[in-house]
Amino acid sequence: MTYHLEVARATIDNRLREAENHRLMRALRLKKRAERTTRRAHRALTGLAGPTV
């Protein structure tokens with residue numbers, strides 16, 4: 001019985017680690033997307049302002 005509990009714990013731990021890695025990768029993708037959007041918006045607004053004197 002102890003063996004089965006250890007296997008179950010190992011499986012759960014592995015799945016929790018995989019889920020955490022998935023969340024981190026998703027967060028990084030969202031952060032990069034937000035940064036790209038911010039840069040694009042900044043360039044668009046800068047272009048609308050026209051030349052500065």
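1. A word to start with: a residue is called buried under 20% relative accessible area, exposed over 50%, and partly exposed in between (1.4 Å probe, protein chains only). By that scale R29 is partly exposed, because its relative accessible area is 49%.

2. Please keep in mind that this is a predicted model, where local features need pLDDT of at least 70, side-chain atom pairs count only at pLDDT 80 or more, and totals for chains, interfaces and linings use all residues. Residues are numbered from 1 along each chain as its sequence is written, and side-chain values use heavy atoms, with hydrogens and water left out.

3. Now look at the overall fold. Helix α1 covers residues 2-49, and R29 is found in it.

4. How does the chain fill space? Its C-alpha atoms occupy a box of roughly 80 × 10 × 5 Å along the principal axes. The radius of gyration of the protein chain is 23 Å, while a compact globule of 53 residues would have one near 10 Å. This radius is taken over C-alpha atoms, and the globule rule is 2.2 Å times the number of residues to the power 0.38.

5. What share of the 53 residues is buried? The figure for the protein chain is 0%.

6. On to charge. The protein chain carries 13 positive and 5 negative side chains, and the centres of the two sets lie 15 Å apart. Lys and Arg count as positive and Asp and Glu as negative, leaving out His and the chain ends.

7. R29 comes back here: together with R26, K32, R33, R36, R39, R40 and R43, R29 gathers in a surface patch of positive charge. Such patches are made of residues with over 30% relative accessible area and no salt bridge, with like charges joined within 9 Å and nonpolar side chains (Val, Leu, Ile, Met, Phe, Trp, Tyr) within 5 Å.

8. The structure holds two salt bridges, each a side-chain nitrogen of Lys or Arg within 4 Å of a carboxyl oxygen of Asp or Glu. In one, the closest N and O atoms of R9 and E6 are 3.1 Å apart. R9 and E6 are separated by about one helical turn because they sit three residues apart in helix α1. Both are partly exposed, R9 at 49% relative accessibility and E6 at 44%.

9. The other salt bridge joins K31 and E35 (3.8 Å, N to O). K31 and E35 lie four residues apart in helix α1, about one turn of the helix. E35 is partly exposed, with a relative accessible area of 34%.

Notes
Areas by Shrake-Rupley, 256 points an atom, 1.4 Å probe, with all protein chains shown as cover. Charge placed at Lys NZ, Arg CZ, Asp CG, Glu CD. Helix = DSSP H or I, 4+ residues; strand = E, 2+ residues; numbered from the N terminus.
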